[in-house]
Amino acid sequence: VNNLKILLKARSLGLSTDALSACGVIPVETLKHAVSEHNYHALPAPIKEAADALEKQLAVSVDPLLIDVRLDQAMYAYILSELPKSDKTAVDYFTAQIDLVNLITALRVRNMQKPASFFENVFIEGGKISKREFVKKFDVPERLPQLVRRYGLKVFNAAVAAQRSADKLPALERAMDDYLMSLYLPYKKVMDKNERLIGYLLMRQ
């Protein structure tokens with residue numbers, strides 16, 4: 001999805017595509033062909049639908065933020081649609097990631113002095129915390145950190161600090177990453193579990 005973002009922005013804004021990565025699920029050549037032809041039929045359904053909608057928007061005006069938002073939403077929709085419900089650790093990982101990304105987004109939107117309606121448009125579905133719960137607390141920002149208490153004291157304290165000062169948002173992002181990694185730590189010494197390999201790959205990112 002990051003490659004698709006880069007290619008769409010490059011085509012629309014005349015930017016470089018030097019940052020393309022070969023590590024994605026979708027081959028780079030497939031993405032290049034799709035963007036150059038404005039045809040996304042070879043991509044997974046959620047990503048195809050988002051790209052088709054973006055093409056219509058890009059024909060009117062270019063909004064790099066909208067490209068990021070719509071493709072992030074599509075990426076998580078695709079991940080959750082493919083994730084086996086029996087893989088509890090992976091489900092917990094991605095639902096928590098969605099919740100914490102939504103919190104960080106809410107705080108950023110507040111710092112931009114944008115209304116709740118703007119946040120609703122960039123909200124990512126699929127987490128345990130609903131859009132309605134976020135919107136209820138959006139206009140009372142000191143209550144936003146309460147939404148992520150379930151993810152531990154370190155995340156909660158980092159969220160409180162980030163709500164009080166935008167300078168603390170990077171620390172919240174680190175706390176999020178640490179929490180997500182902790183989900184795989186119990187498998188560190190278990191040789192016959194897929195989770196051990198996944199945890200190792202996540203640490204290498």
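Tyr179 is placed in helix 9, where helices (H or I, at least four residues) are DSSP runs numbered from the N terminus, as are strands (E, at least two). Leaving out residues up to four places away in sequence, Tyr179 touches Ala96, Leu100, Tyr151 and Val155, a contact being a pair of heavy atoms within 4.5 Å. With Val155, the separation is 24 residues along the chain and 7.4 Å between C-alpha atoms.

This is a predicted model, in which local features need a pLDDT of at least 70 and side-chain atom pairs count only at pLDDT 80 or more, whereas totals for chains, interfaces and linings use all residues. Residues are numbered from 1 along each chain as its sequence is written, and side-chain values use heavy atoms, with hydrogens and water left out. The pLDDT, the predictor's confidence in each residue from 0 to 100, averages 90 over the chain, and 91% of the residues score at least 70. Confidence is highest in helix 8, at 98, and lowest in helix 10 (residues 194-204), at a mean of 51.

The core has 38 residues, of which Leu103, Leu107, Phe119, Phe134, Leu144, Val148 and Leu172 touch the most other members. Helix 5 supplies the largest share, 11 residues. For Leu172, the contacts beyond four places in sequence are Leu103, Ile104, Leu107, Val155, Ala158, Ala159 and Ala162. Apart from this core lies another, of 18 residues, including Ile26, Tyr40, Leu43 and Leu71.

Neighbours within four places in sequence aside, Leu8 is in contact with Val35, Tyr40, Leu54, Glu55, Leu58, Ile67 and Leu71. Leu8 and Leu54 are 46 residues apart in sequence, while their C-alpha atoms are 9.2 Å apart in space.

Most residues other than glycine have a negative phi. His38, in the loop between helix 2 (28-37) and helix 3 (45-58), has a positive phi of about 60 degrees although it is not a glycine, and at 44% relative accessibility it counts as partly exposed. Gln113, in the loop between helix 5 and helix 6, also has a positive phi of about 60 degrees without being a glycine, and its relative accessibility of 73% makes it exposed.

There remains the second largest pocket, with a volume of about 440 Å³. Among its 17 lining residues, Val69, Asp72, Val101, Thr105 and Arg108 are the closest to its centre. On a 1 Å grid over the protein atoms alone, a pocket is an open set of points where a 1.4 Å probe fits, with protein on both sides within 12 Å along at least five of seven lines, and lining residues have an atom within 4 Å of a point. Helix 4 gives the most to this lining, with six residues.

How values were computed
Core = buried A, V, L, I, M, F, W, Y, C linked by side-chain atoms within 4.5 Å. Buried < 20%, exposed > 50% of the residue type's maximum accessible area, 1.4 Å probe, protein only. Points joined across faces, edges and corners; volume = space filled by probe spheres on them.
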